[in-house]
Amino acid sequence: MTEKGHLPVLPSQVLEFIDPGRDGLYVDCTLGLAGHALAILGANPRARLVGLDRDALSLEAARDRLRRHAGRVTLYHADFKDLPSLDIPFDRVRGVLGDFGLSSFQLDAPERGFSFTREGPLDMRMDLRSKTTAAKILNTYPEGKLADVLARYGELSQTRRLAREIAHLRKLGRLETTSDLRVLLERFYRWRPQKGRIHPAAKAFQALRIEVNRELEGLDEFIEAVVRRVGPGTRLVFISFHSLEDRLVKRAFLRLAATAGGASPRLRVLTRKPVMAGEEEVAANSRARSAKLRAAETV
Ligand SMILES: C[S@@+](CC[C@H](N)C(=O)[O-])C[C@H]1O[C@@H](n2cnc3c(N)ncnc32)[C@H](O)[C@@H]1O
């Protein structure tokens with residue numbers, strides 16, 4: 001998908017839960033190409049927006065798309081896990097949105113190395129200031145650690161044997177590009193396209209991307225810290241694309257909503273089950289297929 005064709009996932013559900021009609025500040029932790037941010041700003045001319053992205057290139061594209069609202073927007077090139085330490089008026093925050101993972105802007109740029117269908121370096125960094133690339137992981141991780149990453153984040157099978165194969169190829173200097181890795185995976189898993197089967201490279205690329213960007217680290221602490229900073233009535237809306245990520249959100253919400261031992265709850269969960277895209281949205285936007293939205297409100 002091109003930048004022009006970028007579609008935010010679950011757009012009406014995000015608006016329903018973030019409830020942008022209330023005046024105040026809305027924080028988009030994962031601004032991307034500002035699809036959701038534009039919808040929030042469009043829904044209420046008095047709403048203000050703080051947007052964060054760890055990808056400086058994406059942030060500049062978003063700045064451009066948001067220029068007609070520039071007076072009510074503040075952007076940060078930052079990891080959203082640093083949000084609690086930013087100097088913003090947390091008592092005025094009415095909604096916090098996180099739409100985790102990758103955007104089409106990133107996936108479609110061959111030089112970023114996120115897509116196994118495009119020839120490029122094995123980079124996969126969202127923040128180009130960070131030092132660890134996918135090539136570095138593939139070429140330096142001990143076999144056992146590599147096998148664990150591929151199994152845990154990519155749900156691939158036979159990852160011990162796969163890691164051994166990778167260790168063999170890297171000695172020969174043959175693991176540098178996205179197609180080096182794709183070809184290895186296709187051979188290793190004897191890949192034949194079949195309806196309903198996920199390409200093994202899709203799984204391996206996802207695993208490496210999660211490891212490169214440490215996507216699951218500190219997510220629960222982040223949610224707890226945000227809840228401590230904002231006032232009551234703030235909506236939290238998080239969209240996950242991986243079951244481990246969704247589980248972290250679900251557990252953090254349940255912990256903060258718990259009343260066990262006489263504790264007063266900090267959150268009210270608004271989605272008993274995760275909200276998912278309907279068939280029509282999935283047909284128009286394949287990224288929506290695995291999206292799971294959970295929402296809660298601070299009390
Ligand atoms: C799925 S896209 C968001 C799309 C956006 N909601 C829209 O409608 O255009 C995810 C974005 O979040 C950014 N991102 C991912 N993890 C991040 C993090 N920990 N901190 C800040 N930005 C992050 C990515 O760089 C990417 O641009």
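**Reading helices and their packing**

Mentor: The buried residues of H10 pack against strand S4 (93–99), strand S5 (235–240), helix H11 (243–257), strand S6 (267–269) and strand S7 (292–298); contact means heavy atoms within 4.5 Å. Helices (H or I, at least four residues) and strands (E, at least two) are DSSP runs, numbered from the N terminus. This is a predicted model, in which local features need pLDDT of at least 70 and side-chain atom pairs count only at pLDDT 80 or more, while totals for chains, interfaces and linings use all residues. Residues are numbered from 1 along each chain as its sequence is written, and side-chain values use heavy atoms, with hydrogens and water left out.

Trainee: Which residues of helix H10 (residues 219–229) are buried?

Mentor: Buried means under 20% relative accessible area, exposed over 50%, and partly exposed in between (1.4 Å probe, protein chains only). In H10 the buried residues are Leu-219, Phe-222, Ile-223, Ala-225, Val-226 and Val-227.

Trainee: How is the span of helix H7 (residues 159–171) checked?

Mentor: The expected span of a helix is 1.5 Å times one less than its number of residues. The 13 residues of H7 should therefore span 18 Å, and the end C-alpha atoms are 18 Å apart, which agrees. After H7 comes Gly-173, with a positive phi near 70°.

Trainee: Where do the buried residues of H7 lie around its axis?

Mentor: An α-helix has 3.6 residues a turn, so residues three or four places apart point the same way. The buried residues of H7 are Thr-159, Leu-162, Ala-163, Ile-166, Ala-167, Leu-169 and Arg-170. They fall within an arc of 165°, taken from the directions from the helix axis to the C-beta atoms, so they line one face of H7. Their cover includes helix H5 (134–140), helix H6 (143–154) and helix H8 (178–188).

Trainee: How do the axes of H6 and H7 cross?

Mentor: Two packed helices are described by the angle between their axes and the distance between the axes. Axes are lines fitted to C-alpha atoms, for helices over the stretch in contact, and angles run from 0 to 180 degrees between N-to-C directions. The axes of H6 and H7 come within 8 Å and cross at roughly 125°. H6 is therefore oblique to H7; angles under 35 degrees count as roughly parallel, over 145 as roughly antiparallel, 65 to 115 as roughly perpendicular and the rest as oblique. Residues that meet include Leu-146 and Leu-150 in H6, and Leu-162 and Ile-166 in H7.
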